[in-house]
Amino acid sequence: MEIDKIKKKHIEELNSICKENGVDLKSMDKLLQSERLKKLQKRNHYIHQTIDSEIEKALENENK
(Lines give C-alpha, C1' and ligand atoms only; values in the text may rest on other atoms or scores of the structure.)
Protein backbone atom coordinates (compact mmCIF):
# COMPACT_ATOMS: atom_id res chain seq x y z
CA MET A 1 0.00 0.00 0.00
CA GLU A 2 2.94 2.34 0.58
CA ILE A 3 3.69 2.34 -3.16
CA ASP A 4 0.14 3.49 -3.93
CA LYS A 5 0.48 6.38 -1.48
CA ILE A 6 3.79 7.46 -2.97
CA LYS A 7 2.42 7.23 -6.51
CA LYS A 8 -0.64 9.28 -5.56
CA LYS A 9 1.57 11.89 -3.88
CA HIS A 10 3.77 12.16 -6.99
CA ILE A 11 0.74 12.59 -9.23
CA GLU A 12 -0.63 15.33 -6.97
CA GLU A 13 2.74 17.12 -6.96
CA LEU A 14 2.99 16.86 -10.74
CA ASN A 15 -0.54 18.18 -11.09
CA SER A 16 0.21 21.21 -8.91
CA ILE A 17 3.47 21.95 -10.75
CA CYS A 18 1.69 21.69 -14.10
CA LYS A 19 -1.01 24.10 -12.92
CA GLU A 20 1.60 26.59 -11.65
CA ASN A 21 3.41 26.56 -14.99
CA GLY A 22 0.36 26.39 -17.26
CA VAL A 23 1.15 22.93 -18.64
CA ASP A 24 -1.54 20.41 -19.54
CA LEU A 25 -1.28 17.39 -17.23
CA LYS A 26 -2.51 15.01 -19.96
CA SER A 27 0.26 16.02 -22.34
CA MET A 28 2.84 15.71 -19.54
CA ASP A 29 1.51 12.23 -18.76
CA LYS A 30 1.86 11.21 -22.41
CA LEU A 31 5.47 12.42 -22.42
CA LEU A 32 6.24 10.48 -19.24
CA GLN A 33 4.68 7.33 -20.66
CA SER A 34 6.73 7.62 -23.85
CA GLU A 35 9.92 7.99 -21.78
CA ARG A 36 9.02 4.89 -19.77
CA LEU A 37 8.44 2.98 -23.00
CA LYS A 38 11.80 4.09 -24.41
CA LYS A 39 13.55 2.93 -21.22
CA LEU A 40 11.82 -0.45 -21.39
CA GLN A 41 12.74 -0.89 -25.04
CA LYS A 42 16.34 0.06 -24.34
CA ARG A 43 16.51 -2.41 -21.45
CA ASN A 44 14.95 -5.16 -23.54
CA HIS A 45 17.40 -4.45 -26.35
CA TYR A 46 20.31 -4.76 -23.91
CA ILE A 47 18.92 -8.05 -22.56
CA HIS A 48 18.59 -9.44 -26.10
CA GLN A 49 22.15 -8.37 -26.92
CA THR A 50 23.41 -10.12 -23.80
CA ILE A 51 21.50 -13.30 -24.59
CA ASP A 52 22.77 -13.28 -28.18
CA SER A 53 26.37 -12.81 -27.10
CA GLU A 54 26.09 -15.63 -24.56
CA ILE A 55 24.67 -17.95 -27.22
CA GLU A 56 27.49 -17.02 -29.60
CA LYS A 57 30.11 -17.68 -26.90
CA ALA A 58 28.55 -21.04 -26.12
CA LEU A 59 28.52 -22.01 -29.80
CA GLU A 60 32.14 -20.94 -30.23
CA ASN A 61 33.20 -22.95 -27.20
CA GLU A 62 31.24 -25.93 -28.46
CA ASN A 63 32.97 -25.80 -31.85
CA LYS A 64 36.46 -25.74 -30.30
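## Salt bridges

A salt bridge is a side-chain nitrogen of Lys or Arg within 4 Å of a carboxyl oxygen of Asp or Glu. Side chains of opposite charge can pair when their charged atoms come close. In this predicted model, side-chain atom pairs count only at pLDDT 80 or more, local features need pLDDT of at least 70, and totals for chains, interfaces and linings use all residues. Residues are numbered from 1 along each chain as its sequence is written, and side-chain values use heavy atoms, with hydrogens and water left out.

A search of the whole structure finds 2 salt bridges. One joins the side chains of Glu35 and Lys38, at 2.9 Å from N to O. Both residues lie in helix 2, 3 residues apart, which is about one turn of the helix. Glu35 has a relative accessibility of 38% and so counts as partly exposed (buried means under 20% relative accessible area, exposed over 50%, and partly exposed in between, with a 1.4 Å probe and protein chains only). Lys38 is also partly exposed, because its relative accessibility is 49%.

The side chains of Lys57 and Glu54 form a salt bridge too, at 3.8 Å from N to O. Lys57 and Glu54 are 3 residues apart in helix 2, so about one helical turn separates them. Lys57 is partly exposed at 47%, and Glu54 is partly exposed at 45%.

## Helices and overall form

The protein chain has 2 helices and 0 strands. Its radius of gyration is 21 Å, well over the 11 Å that the globule rule gives for 64 residues, so the chain is more spread out than a compact globule. The radius of gyration is taken over C-alpha atoms, and the globule rule is 2.2 Å times the number of residues to the power 0.38. Helices (H or I, at least four residues) and strands (E, at least two) are DSSP runs, numbered from the N terminus.

Along its principal axes, the C-alpha trace spans about 65 × 30 × 10 Å. Helix 2 covers residues 25-63. Leu25 lies in this helix and is partly exposed, with a relative accessibility of 30%. From Leu25 to His45 there are 20 residues in sequence and 30 Å in space, C-alpha to C-alpha.

## Surface

Buried residues make up 2% of the 64 residues in the chain. The accessible surface comes to about 6400 Å², and 57% of it belongs to carbon and sulfur atoms. These areas come from the Shrake-Rupley method with a 1.4 Å probe; for residues, only the protein chains shown count as cover.

Tyr46, Ile47, Ile51, Ile55 and Leu59 make a nonpolar surface patch of about 480 Å². Patches are made of residues with over 30% relative accessible area and no salt bridge; like charges are joined within 9 Å, and nonpolar side chains (Val, Leu, Ile, Met, Phe, Trp, Tyr) within 5 Å. Tyr46 lies in helix 2 and counts as exposed, because its relative accessibility is 55%.
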